[in-house]
Amino acid sequence: MENFIKTLKHEKITLEESFNYSFDILKINRKKFLVPLLLLTGIYILASIFRVFITKENDTGNFYLLMYTLIVAIVGYVIYAGIKIEVTNFIENGQKIDNPINSGSRVMKKVIICGILYYAILILIGTIAGFFIAFSILLATTSKMAAIFFLSIVTIIMVVVITFIFIKLSFFQNIYYVRNLDLVSSFRYSVHIIKGYFIKVLLTKIVFLILNLILSVPIFLINVFMIPSKNIYFIIIGIVIQGIVYLLMFFFNFIAVFIISLFYLNAEYLDLKVVKDNNN
């Protein structure tokens with residue numbers, strides 16, 4: 001860890017340093033990250049193929065597609081968990097990066113818990129949003145302008161609150177997977193050490209969100225025309241293009257995980273340094 005800190009120009013890692021160092025990590029360990037990168041790309045291409053040949057009228061097919069989607073989600077969680085663990089070992093102890101799939105599999109129980117929490121939060125948010133939408137529909141019977149104004153204000157508030165909460169908990173998974181802490185302690189520590197990194201994490205997530213949205217456009221357009229298409233050549237070309245886009249998307253997602261992990265390690269190091277200085 002000390003060697004990593006010495007490479008920084010500032011006590012707190014900057015956005016530029018985090019981007020540069022993340023690309024260096026990927027470059028140095030490209031062989032270790034190539035397999036999970038290709039694996040994620042491959043299973044998403046298979047999902048695209050399933051969507052082309054499974055129609056809404058085929059209930060059995062849709063069930064298998066749902067099950068496959070859940071499997072894909074679990075694989076993704078395992079890989080990203082493994083990346084967080086391996087980056088920490090690489091920075092802290094100078095260890096060579098192992099296969100992230102193996103590392104993520106070793107904390108499978110924690111991965112499943114995080115996945116359940118994530119979907120539970122999404123369901124809760126959806127339920128709250130549904131309540132406000134229902135209320136605005138009732139309000140619209142009296143005044144459409146009042147309903148639009150109410151729904152707009154509520155939407156802005158919810159977006160701000162949700163963004164604030166998710167940014168505050170950006171270090172949670174790193175802490176939970178790497179440190180021997182329980183759920184509550186991991187939540188608290190994430191909120192505690194992110195104080196000086198909130199804006200950096202927010203900007204990072206915005207940048208990669210925009211990149212993902214841009215990359216999602218060709219995937220969406222291809223699906224719109226490819227799914228109802230009967231032309232096998234058009235389907236093949238569409239799948240190849242989607243494969244390239246998915247490869248780029250996961251590449252950037254890996255970089256985003258590296259950057260957040262670097263912020264976390266720097267924040268934790270400085271926090272422990274303050275505690276050590278206070279004790280002395």
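I began with helix H6 (residues 108-140) and helix H7 (residues 144-168), whose axes come within 8 Å and cross at roughly 165°. Axes here are lines fitted to C-alpha atoms, for helices over the stretch in contact, and angles run from 0 to 180 degrees between N-to-C directions. Helices are DSSP runs (H or I, at least four residues), numbered from the N terminus. The crossing angle makes H6 roughly antiparallel to H7; angles over 145 degrees count as roughly antiparallel, under 35 as roughly parallel, 65 to 115 as roughly perpendicular and the rest as oblique.

I noted that this is a predicted model, in which local features need pLDDT of at least 70 and side-chain atom pairs count only at pLDDT 80 or more, while totals for chains, interfaces and linings use all residues. Residues are numbered from 1 along each chain as its sequence is written, and side-chain values use heavy atoms, with hydrogens and water left out.

I looked up the handedness next: H6 passes H7 in a right-handed crossing, that is, the near helix is turned clockwise from the far one by less than a right angle. I then listed the contact (heavy atoms within 4.5 Å). On the H6 side it includes Ile-121, Ile-125, Phe-132 and Leu-139, and on the H7 side Lys-144, Phe-150, Val-154 and Phe-166. By class I recorded 17 nonpolar, 1 polar and 1 charged residues for H6 with H7. Ala, Val, Leu, Ile, Met, Phe, Trp, Tyr, Cys and Pro count as nonpolar, Asp, Glu, Lys and Arg as charged, and the others, Gly among them, as polar.

I turned to helix H2 (residues 15-28), which packs on H11 at an angle of about 120°, with the axes 9 Å apart. H2 is therefore oblique to H11, and H2 passes H11 in a right-handed crossing. Among the residues that meet are Phe-19, Tyr-21 and Leu-26 in H2 and Phe-251, Phe-258 and Leu-262 in H11.

Last, I looked up Ser-261, which lies in helix H11 (residues 232-279). Is Ser-261 buried or exposed? Ser-261 has a relative accessible area of 0% and is buried (under 20%; exposed is over 50%, partly exposed in between, with a 1.4 Å probe and protein chains only). Leaving aside neighbours within four places in sequence, I found Ser-261 in contact with Lys-84, Val-87 and Asn-174.

Key: Helix = DSSP H or I, 4+ residues; strand = E, 2+ residues; numbered from the N terminus.
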